[in-house]
Amino acid sequence: MNAPNEQPTLDKDDQEQRARRSIYLLPNLFTTGALFGGFYAIVAAMSGRFEAAAIAVFIAMVLDGIDGRVARMTNTQSAFGAEYDSLSDMVSFGLAPALVMYEWALVHMKLFGAIPGKIGWLAAFFYAAMAAMRLARFNTQVGKVDKRYFHGLPSPTAAAILMSMVWTLHGLDIQGESVRFPALFVTIVVGALMVSNFRYYSFKDLDFRNRVPFAIILLIVPVLMVAALAPAKVLFAAATGYALSGPILALLRWRRRRVRRSESQ
């Protein structure tokens, strides 16, 4: 007599087990593509194909930007997807840029001796470690901070600076060996910015469904034309400008507070 009453319980348990064993295909497919881009960048850098490595990281950025939107549009968000996305980001925007930069420029630090050589690979590790900490901090702050701002430079932007630098200079036939010290400086500074307390505008409050002045569209066209002519340089300029916006806005806020205090006294 208890069998009919137990059936719904068994069905519910069965459904929960199936849910634990299954994942949503579509958003995780894009995340896997982003992960592949980061992995391929490492393999390409080991073969000396630095331009291909940089482009692979940028493709990973595009796919990383799509997976979350696809999940929200298809109502397929999941805890698995969030964790998978974070691990993919660590490979594509943490390990891959660090190793590409090391293979391109920082490895040549060893020409000055054993200690400078260690400084070269330690700088690459520093960048990767800061990216991991940035991602861990972001994951623990979800739902607790203002969505309009990122705290610290986002790891995709940090990766964009390193990869567009490699892409631009390699395209100008400038070898990494000749710019190893600037590369060392950029790697360390960009890594530090990821765990800084500078606030960066996230653009998450922009609603692209709203109407905009017609002039905005007219401005976008020449920007796209310039980007098509020199994509690496445009990406480097855009990523560097965004990275500088955090310290500049912090300085402006500090000066504004100082003026208010002086006026109140």
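Predicted model: local features only at pLDDT ≥ 70, side-chain atom pairs only at ≥ 80, totals over all residues.
# A walk through a helical chain

Ile-216 lies in helix 8, which runs over residues 214-229. Is Ile-216 buried or exposed, or does it fall in between? Its relative accessibility is 38%, so it counts as partly exposed. The cut-offs explain the label: buried means under 20%, exposed means over 50%, and partly exposed is in between.

Ile-216 also belongs to a nonpolar surface patch of about 990 Å².

Now step back to the whole chain. It has nine helices and two strands. Read along the sequence, the order is α-α-α-α-α-β-α-α-β-α-α. The C-alpha trace spans about 85 × 60 × 45 Å along its principal axes. The chain holds 265 residues, and buried residues make up 35% of them.

Next comes the packing of helices. Two packed helices are described by the angle between their axes and the distance between the axes. Take helix 4 (residues 79-104) and helix 5 (residues 114-141). Their axes come within 9 Å and cross at roughly 165 degrees. That angle makes helix 4 roughly antiparallel to helix 5, because angles over 145 degrees count as roughly antiparallel. The crossing of helix 4 and helix 5 is right-handed.

Helix 5 has a second pairing to look at, with helix 7. Here the axes come within 8 Å and cross at roughly 20 degrees. That makes helix 5 roughly parallel to helix 7, because the cut-off for roughly parallel is an angle under 35 degrees. The crossing of helix 5 and helix 7 is left-handed.

Stay with helix 7, which covers residues 180-194. Ala-192 lies in this helix. Its relative accessible area is 34%, so Ala-192 is partly exposed. How far is Ala-192 from Leu-153 in sequence and in space? The two are 39 residues apart in sequence. From C-alpha to C-alpha, they are 8.8 Å apart in space.

The loops come next. Most residues other than glycine have a negative phi, and most peptide bonds are trans. Asn-75 has a positive phi, near 55 degrees. Where is Asn-75 placed? It sits in the loop between helix 3 (50-73) and helix 4. With a relative accessible area of 60%, Asn-75 is exposed.

Asp-173 also has a positive phi, near 65 degrees, and is a residue other than glycine. It is found in the loop between helix 6 (155-171) and helix 7. Asp-173 is exposed, since its relative accessible area is 62%.

Last, look at charge pairing. Side chains of opposite charge can pair when their charged atoms come close. How many salt bridges does a search of the whole structure find? It finds one. Asp-146 forms a salt bridge with Arg-148. The closest N and O atoms of Asp-146 and Arg-148 are 2.8 Å apart, and the cut-off for a salt bridge is 4 Å. Asp-146 has 31% relative accessibility, so it counts as partly exposed. Arg-148 has 40% relative accessibility and therefore counts as partly exposed too.

Conventions:
Residues numbered from 1 in each chain as written. Heavy atoms only, no water. Patch = residues over 30% accessible without salt bridge, like charges linked within 9 Å, V, L, I, M, F, W, Y side chains within 5 Å. Areas by Shrake-Rupley, 256 points an atom, 1.4 Å probe, with all protein chains shown as cover. Salt bridge = Lys/Arg side-chain N within 4 Å of Asp/Glu carboxyl O. Helix = DSSP H or I, 4+ residues; strand = E, 2+ residues; numbered from the N terminus. Buried < 20%, exposed > 50% of the residue type's maximum accessible area, 1.4 Å probe, protein only. Axes fitted to C-alpha atoms, helices over the stretch in contact; angles between N-to-C directions. Parallel < 35°, antiparallel > 145°, perpendicular 65-115°, else oblique. Left-handed = near helix turned anticlockwise from the far one by under 90°.
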